[in-house]
Amino acid sequence: MTTDPIGSPSASTYAGSAGWRHSEIVFDLLRLHHELSTLPTLEPNTHTNALFDQLVRLVIDSDDDQAAQRVLAEPEIHRIVPELRGLCSSAEVELERAWARRIVASHDPEQELREFPYFTNYEQLTRMEHHGVLGVTGGGSCCRMLFVGAGPLPLTSLLLASRHGRTDIDNIDVDPEAVRLATQVAGALRIHSLRFWCADVLTCTNLANYDVVCLAALVGAEPDLKSRVIKHLYQHMRPGALLLARSARSLRALLYPPLAIGDLAGFRPLAVLNPYTEVINSLVVAEKPTAPQPGGDTEH
(Lines give C-alpha, C1' and ligand atoms only; values in the text may rest on other atoms or scores of the structure.)
Protein backbone atom coordinates (compact mmCIF):
# COMPACT_ATOMS: atom_id res chain seq x y z
CA MET A 1 0.00 0.00 0.00
CA THR A 2 1.38 3.40 -0.93
CA THR A 3 1.11 6.40 1.37
CA ASP A 4 1.04 10.12 0.87
CA PRO A 5 3.38 12.50 2.75
CA ILE A 6 1.11 12.70 5.80
CA GLY A 7 1.17 8.95 6.28
CA SER A 8 -2.32 8.16 4.96
CA PRO A 9 -2.85 5.75 2.05
CA SER A 10 -2.79 7.63 -1.22
CA ALA A 11 -5.85 7.93 -3.40
CA SER A 12 -4.08 5.92 -6.10
CA THR A 13 -4.06 2.91 -3.75
CA TYR A 14 -7.81 2.55 -4.14
CA ALA A 15 -8.24 3.82 -7.70
CA GLY A 16 -9.56 1.18 -10.01
CA SER A 17 -10.74 -1.18 -7.25
CA ALA A 18 -14.16 0.37 -6.63
CA GLY A 19 -14.19 3.49 -8.75
CA TRP A 20 -12.75 6.94 -8.29
CA ARG A 21 -15.53 8.24 -6.02
CA HIS A 22 -14.99 5.36 -3.61
CA SER A 23 -11.23 5.91 -3.50
CA GLU A 24 -11.70 9.66 -3.13
CA ILE A 25 -13.99 9.23 -0.10
CA VAL A 26 -11.61 6.76 1.54
CA PHE A 27 -8.65 9.03 0.93
CA ASP A 28 -10.48 12.10 2.26
CA LEU A 29 -11.62 10.27 5.38
CA LEU A 30 -8.10 9.08 6.15
CA ARG A 31 -6.70 12.54 5.51
CA LEU A 32 -9.27 14.23 7.76
CA HIS A 33 -8.75 11.67 10.50
CA HIS A 34 -5.01 12.27 10.38
CA GLU A 35 -5.37 16.05 10.47
CA LEU A 36 -7.95 16.01 13.26
CA SER A 37 -6.01 13.54 15.40
CA THR A 38 -2.88 15.71 15.24
CA LEU A 39 -4.58 18.97 16.24
CA PRO A 40 -3.16 20.49 19.44
CA THR A 41 -6.69 21.21 20.67
CA LEU A 42 -10.26 20.47 19.63
CA GLU A 43 -11.47 23.84 20.86
CA PRO A 44 -13.23 25.69 18.03
CA ASN A 45 -11.13 27.88 15.78
CA THR A 46 -11.09 28.64 12.06
CA HIS A 47 -8.88 25.67 11.09
CA THR A 48 -10.56 23.10 13.36
CA ASN A 49 -14.03 24.24 12.32
CA ALA A 50 -13.08 23.95 8.64
CA LEU A 51 -11.86 20.37 9.09
CA PHE A 52 -15.05 19.26 10.84
CA ASP A 53 -17.15 21.08 8.25
CA GLN A 54 -15.35 19.05 5.56
CA LEU A 55 -16.03 15.84 7.46
CA VAL A 56 -19.72 16.62 7.95
CA ARG A 57 -20.13 17.57 4.30
CA LEU A 58 -18.39 14.39 3.18
CA VAL A 59 -20.67 12.06 5.16
CA ILE A 60 -23.94 13.79 4.29
CA ASP A 61 -23.11 14.06 0.60
CA SER A 62 -22.51 10.30 0.32
CA ASP A 63 -26.02 8.84 0.47
CA ASP A 64 -25.45 5.76 -1.69
CA ASP A 65 -25.84 3.11 1.02
CA GLN A 66 -24.11 0.36 -0.96
CA ALA A 67 -21.14 2.60 -1.72
CA ALA A 68 -21.05 3.67 1.91
CA GLN A 69 -20.93 0.06 3.07
CA ARG A 70 -17.96 -0.56 0.77
CA VAL A 71 -16.20 2.44 2.26
CA LEU A 72 -16.96 1.32 5.83
CA ALA A 73 -15.69 -2.17 5.00
CA GLU A 74 -12.24 -0.87 4.08
CA PRO A 75 -9.84 -2.12 6.80
CA GLU A 76 -8.20 1.30 7.16
CA ILE A 77 -11.58 2.98 7.64
CA HIS A 78 -12.81 0.29 10.03
CA ARG A 79 -9.68 0.86 12.10
CA ILE A 80 -10.21 4.62 12.54
CA VAL A 81 -13.96 4.59 13.30
CA PRO A 82 -13.71 4.49 17.14
CA GLU A 83 -11.14 7.27 17.25
CA LEU A 84 -13.00 9.35 14.69
CA ARG A 85 -16.21 9.15 16.72
CA GLY A 86 -14.25 10.07 19.84
CA LEU A 87 -12.77 13.12 18.12
CA CYS A 88 -16.21 14.20 16.93
CA SER A 89 -17.69 13.73 20.39
CA SER A 90 -14.96 15.74 22.11
CA ALA A 91 -15.09 18.49 19.50
CA GLU A 92 -18.89 18.70 19.77
CA VAL A 93 -18.64 19.24 23.52
CA GLU A 94 -15.96 21.91 23.05
CA LEU A 95 -18.06 23.67 20.40
CA GLU A 96 -21.17 23.64 22.58
CA ARG A 97 -19.24 24.94 25.59
CA ALA A 98 -17.82 27.83 23.60
CA TRP A 99 -21.20 28.78 22.15
CA ALA A 100 -23.01 28.38 25.46
CA ARG A 101 -20.63 30.93 26.97
CA ARG A 102 -21.14 33.25 24.00
CA ILE A 103 -24.92 33.05 24.32
CA VAL A 104 -24.85 33.72 28.06
CA ALA A 105 -22.54 36.72 27.59
CA SER A 106 -24.42 38.17 24.60
CA HIS A 107 -26.62 41.27 24.69
CA ASP A 108 -28.92 39.39 22.28
CA PRO A 109 -28.86 35.70 23.34
CA GLU A 110 -31.56 34.67 20.86
CA GLN A 111 -29.65 36.06 17.89
CA GLU A 112 -26.43 34.53 19.18
CA LEU A 113 -28.12 31.15 19.43
CA ARG A 114 -29.23 31.40 15.80
CA GLU A 115 -25.61 31.97 14.80
CA PHE A 116 -24.58 28.56 16.14
CA PRO A 117 -23.06 26.73 13.13
CA TYR A 118 -25.43 23.76 13.27
CA PHE A 119 -28.55 25.60 14.39
CA THR A 120 -30.47 24.83 11.18
CA ASN A 121 -29.49 21.18 11.48
CA TYR A 122 -30.94 21.06 15.00
CA GLU A 123 -34.09 22.86 13.88
CA GLN A 124 -34.69 20.13 11.31
CA LEU A 125 -33.77 17.31 13.70
CA THR A 126 -36.03 18.65 16.45
CA ARG A 127 -38.91 19.06 13.99
CA MET A 128 -38.39 15.47 12.85
CA GLU A 129 -38.44 14.22 16.45
CA HIS A 130 -41.50 16.28 17.36
CA HIS A 131 -43.48 15.04 14.39
CA GLY A 132 -42.14 11.52 14.86
CA VAL A 133 -43.82 11.43 18.25
CA LEU A 134 -47.02 12.93 16.85
CA GLY A 135 -46.99 10.36 14.07
CA VAL A 136 -46.91 7.33 16.37
CA THR A 137 -49.24 8.75 19.01
CA GLY A 138 -51.86 10.04 16.58
CA GLY A 139 -51.40 13.54 17.92
CA GLY A 140 -52.05 12.55 21.51
CA SER A 141 -50.49 14.58 24.27
CA CYS A 142 -47.13 13.50 25.65
CA CYS A 143 -46.71 15.69 28.68
CA ARG A 144 -43.47 14.91 30.48
CA MET A 145 -40.16 14.39 28.71
CA LEU A 146 -36.68 13.48 29.89
CA PHE A 147 -33.67 14.32 27.73
CA VAL A 148 -30.63 12.18 28.54
CA GLY A 149 -27.29 13.74 27.59
CA ALA A 150 -28.42 17.34 27.15
CA GLY A 151 -24.89 18.78 26.98
CA PRO A 152 -23.82 22.39 27.56
CA LEU A 153 -26.04 23.71 24.75
CA PRO A 154 -29.38 21.85 25.03
CA LEU A 155 -30.68 22.89 21.63
CA THR A 156 -33.28 20.15 21.32
CA SER A 157 -34.98 21.03 24.59
CA LEU A 158 -34.73 24.75 23.89
CA LEU A 159 -36.35 24.31 20.47
CA LEU A 160 -39.02 21.92 21.72
CA ALA A 161 -39.94 24.42 24.42
CA SER A 162 -39.84 27.56 22.26
CA ARG A 163 -41.15 26.19 18.94
CA HIS A 164 -43.25 23.11 19.71
CA GLY A 165 -44.94 23.81 23.03
CA ARG A 166 -43.17 21.07 25.01
CA THR A 167 -42.21 22.94 28.13
CA ASP A 168 -42.21 20.16 30.72
CA ILE A 169 -38.75 18.78 29.93
CA ASP A 170 -36.18 17.51 32.42
CA ASN A 171 -32.56 17.37 31.24
CA ILE A 172 -29.69 15.37 32.68
CA ASP A 173 -25.99 15.11 31.91
CA VAL A 174 -23.05 13.49 33.70
CA ASP A 175 -20.89 16.62 33.31
CA PRO A 176 -21.46 19.25 36.04
CA GLU A 177 -20.10 22.05 33.84
CA ALA A 178 -22.46 21.07 31.03
CA VAL A 179 -25.41 21.26 33.43
CA ARG A 180 -24.27 24.65 34.75
CA LEU A 181 -23.87 26.10 31.26
CA ALA A 182 -27.16 24.64 30.01
CA THR A 183 -28.98 26.18 32.97
CA GLN A 184 -27.39 29.56 32.24
CA VAL A 185 -28.27 29.36 28.55
CA ALA A 186 -31.92 28.60 29.30
CA GLY A 187 -31.96 31.50 31.75
CA ALA A 188 -30.39 33.89 29.23
CA LEU A 189 -33.05 32.88 26.70
CA ARG A 190 -35.77 33.30 29.35
CA ILE A 191 -36.96 29.73 28.95
CA HIS A 192 -37.65 28.98 32.58
CA SER A 193 -39.73 25.83 32.23
CA LEU A 194 -36.77 23.53 31.55
CA ARG A 195 -35.05 21.77 34.44
CA PHE A 196 -31.45 20.59 34.53
CA TRP A 197 -29.48 18.41 36.88
CA CYS A 198 -26.28 16.41 36.96
CA ALA A 199 -26.88 12.66 36.96
CA ASP A 200 -25.86 9.39 35.39
CA VAL A 201 -28.95 7.87 33.79
CA LEU A 202 -27.89 4.45 35.10
CA THR A 203 -28.54 5.74 38.63
CA CYS A 204 -31.97 7.17 37.76
CA THR A 205 -34.83 4.87 38.69
CA ASN A 206 -37.68 7.40 39.00
CA LEU A 207 -38.55 7.32 35.30
CA ALA A 208 -42.13 6.09 35.47
CA ASN A 209 -43.63 9.60 35.26
CA TYR A 210 -42.11 10.38 31.87
CA ASP A 211 -44.14 9.97 28.68
CA VAL A 212 -41.06 10.30 26.47
CA VAL A 213 -37.37 9.69 27.10
CA CYS A 214 -34.95 11.09 24.51
CA LEU A 215 -31.53 9.47 24.32
CA ALA A 216 -28.77 11.58 22.78
CA ALA A 217 -26.59 9.81 20.23
CA LEU A 218 -23.43 10.16 22.31
CA VAL A 219 -24.90 8.64 25.47
CA GLY A 220 -23.30 5.23 25.65
CA ALA A 221 -21.03 5.67 22.65
CA GLU A 222 -19.61 2.19 23.27
CA PRO A 223 -22.02 -0.61 22.28
CA ASP A 224 -21.89 -2.34 25.68
CA LEU A 225 -22.69 0.87 27.54
CA LYS A 226 -25.46 1.81 25.08
CA SER A 227 -26.99 -1.61 25.69
CA ARG A 228 -26.82 -1.12 29.46
CA VAL A 229 -28.51 2.29 29.20
CA ILE A 230 -31.34 0.99 27.03
CA LYS A 231 -31.92 -2.01 29.31
CA HIS A 232 -31.97 0.34 32.31
CA LEU A 233 -34.54 2.57 30.62
CA TYR A 234 -36.65 -0.47 29.75
CA GLN A 235 -36.61 -1.59 33.37
CA HIS A 236 -37.68 1.77 34.83
CA MET A 237 -39.89 3.49 32.23
CA ARG A 238 -43.62 2.92 32.46
CA PRO A 239 -45.47 0.72 29.97
CA GLY A 240 -46.70 2.80 27.06
CA ALA A 241 -43.91 5.39 27.35
CA LEU A 242 -41.86 6.24 24.28
CA LEU A 243 -38.12 6.02 23.76
CA LEU A 244 -36.61 8.39 21.18
CA ALA A 245 -33.09 7.17 20.48
CA ARG A 246 -30.80 8.94 18.07
CA SER A 247 -28.85 6.78 15.68
CA ALA A 248 -26.93 7.16 12.42
CA ARG A 249 -26.93 5.46 9.04
CA SER A 250 -24.55 5.10 6.11
CA LEU A 251 -21.39 7.22 6.39
CA ARG A 252 -23.06 9.28 9.11
CA ALA A 253 -22.18 6.34 11.37
CA LEU A 254 -18.60 7.56 11.23
CA LEU A 255 -19.67 10.47 13.44
CA TYR A 256 -22.26 8.82 15.70
CA PRO A 257 -22.79 5.19 16.70
CA PRO A 258 -25.68 3.44 14.93
CA LEU A 259 -28.49 1.77 16.87
CA ALA A 260 -29.98 -1.42 15.47
CA ILE A 261 -33.56 -2.53 16.09
CA GLY A 262 -32.12 -5.60 17.80
CA ASP A 263 -30.50 -3.32 20.40
CA LEU A 264 -33.84 -2.13 21.78
CA ALA A 265 -33.90 -4.65 24.67
CA GLY A 266 -37.64 -5.26 24.76
CA PHE A 267 -38.87 -1.91 23.46
CA ARG A 268 -41.29 -2.29 20.56
CA PRO A 269 -40.05 -0.37 17.49
CA LEU A 270 -42.63 1.99 16.02
CA ALA A 271 -40.67 4.01 13.48
CA VAL A 272 -37.20 4.58 12.10
CA LEU A 273 -36.58 7.93 10.43
CA ASN A 274 -33.51 8.20 8.20
CA PRO A 275 -33.04 11.71 6.84
CA TYR A 276 -31.49 12.34 3.44
CA THR A 277 -30.98 16.00 4.24
CA GLU A 278 -28.26 17.82 6.15
CA VAL A 279 -29.55 16.24 9.37
CA ILE A 280 -26.92 13.77 10.54
CA ASN A 281 -28.84 11.74 13.09
CA SER A 282 -31.45 9.11 12.37
CA LEU A 283 -34.25 8.55 14.87
CA VAL A 284 -35.60 5.34 16.34
CA VAL A 285 -39.01 5.66 18.01
CA ALA A 286 -39.96 2.75 20.25
CA GLU A 287 -42.49 2.00 22.96
CA LYS A 288 -42.24 0.08 26.20
CA PRO A 289 -45.11 -2.34 25.69
CA THR A 290 -47.64 -3.29 28.32
CA ALA A 291 -46.57 -6.93 27.96
CA PRO A 292 -42.88 -7.97 27.92
CA GLN A 293 -41.39 -8.39 24.44
CA PRO A 294 -39.10 -11.22 23.34
CA GLY A 295 -35.55 -10.25 24.17
CA GLY A 296 -36.61 -7.78 26.87
CA ASP A 297 -34.28 -7.72 29.86
CA THR A 298 -36.01 -7.00 33.15
CA GLU A 299 -33.17 -8.06 35.39
CA HIS A 300 -31.58 -5.37 37.55
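**Close-up views of a predicted model**

Tyr 234 and Phe 267 are both buried. The legends below refer to a predicted model.

**View 1. Tyr 234 and Phe 267 form an edge-to-face aromatic pair.** The two ring centres are 5.4 Å apart, and the angle between the ring planes is 80°. Tyr 234 belongs to helix α10 (residues 223-236), whereas Phe 267 is part of the loop between β5 (242-247) and β6 (268-273). The pair therefore ties together parts of the chain that are 33 residues apart in sequence. Helix α10 also contains Leu 233, which is buried with a relative accessible area of 0%. The C-alpha atom of Leu 233 is separated by 8.9 Å from that of Cys 204, a residue 29 positions apart along the chain.

**View 2. Trp 99, Phe 116 and Tyr 118 are linked into a cluster by ring pairs.** In total, the structure holds 3 aromatic pairs. The ring centres of Trp 99 and Phe 116 lie 5.8 Å apart with the planes at 85°, so this pair is edge-to-face. Distant parts of the chain are linked here: Trp 99 is in helix α5 (residues 75-105), and Phe 116, 17 residues apart from it, is in the loop between α6 (109-114) and α7 (119-137). Trp 99 and Phe 116 are both buried. Over the face of Trp 99 lies Arg 102, at 3.9 Å from the ring centre.

**View 3. Helix α5 bends by about 45° at Val 81.** The end C-alpha atoms of α5 are 46 Å apart; its 31 residues, at 1.5 Å each, should span 45 Å, so the two values agree. Ser 89 is another residue of α5, and Ser 89 is partly exposed, with a relative accessible area of 22%. In sequence, Ser 89 and Ala 217 are 128 residues apart, but the distance between their C-alpha atoms is 9.7 Å.

**View 4. Strand β4 (residues 212-215) has buried residues on both of its sides.** Val 212 and Cys 214 point one way, Val 213 and Leu 215 point the other way, and all of these residues are buried. Strand β1 (residues 145-148) runs parallel to β4 and is joined to it by 4 bridges. Opposite Leu 215 of β4 stands Val 148. A further parallel pairing is that of β4 with β5, again through 4 bridges. Here Leu 215 has Ala 245 of β5 as its bridge partner.

**View 5. Strand β2 (residues 169-173) is largely enclosed by the rest of the structure, because 5 of its 5 residues are buried.** Ile 169, Asn 171 and Asp 173 cover one side of the strand with buried residues, and Asp 170 and Ile 172, also buried, are on the other. β2 runs parallel to β1, to which 4 bridges join it. In this pairing, Leu 146 stands opposite Asp 170. β2 is also joined to β3 by 4 bridges, and these two strands run parallel. The bridge partner of Asp 170 in β3 is Arg 195. Together, β2, α9 and β3 make a β-α-β unit that is right-handed.

**View 6. Arg 190 has a positive phi, near 60°.** Most residues other than glycine have a negative phi. Arg 190 is located in the loop between α9 (176-188) and β3 (195-198). With a relative accessible area of 70%, Arg 190 is above the 50% cut-off and is therefore exposed.

**View 7. Ser 250, a residue other than glycine, has a positive phi near 55°.** Ser 250 is in the loop between β5 and β6. The relative accessible area of Ser 250 is 8%, which is under the 20% cut-off, so this residue is buried. The view also includes Arg 249, whose charged end sits over the ring of Tyr 276 at 4.2 Å from the ring centre.

Notes: Residues are numbered from 1 along each chain as its sequence is written. This is a predicted model: local features need pLDDT of at least 70, side-chain atom pairs count only at pLDDT 80 or more; totals for chains, interfaces and linings use all residues. Side-chain values use heavy atoms; hydrogens and water are left out. Rings of Phe, Tyr and Trp (its six-membered ring) pair if their centres lie within 6.5 Å; planes under 30 degrees apart count as stacked, over 60 as edge-to-face and the rest as tilted. Buried means under 20% relative accessible area, exposed over 50%, partly exposed in between (1.4 Å probe, protein chains only). A charge sits over a ring if NZ of Lys or CZ of Arg is within 6 Å of the ring centre and within 35 degrees of the ring normal. Two strands pair if DSSP finds at least two bridges between them. The expected span of a helix is 1.5 Å times one less than its number of residues. The bend at a residue is the angle between axes fitted to the seven residues ending there and the seven starting there. A crossover is right-handed if, with the strands pointing away from the viewer, the path from the first strand over the helix to the second runs clockwise.
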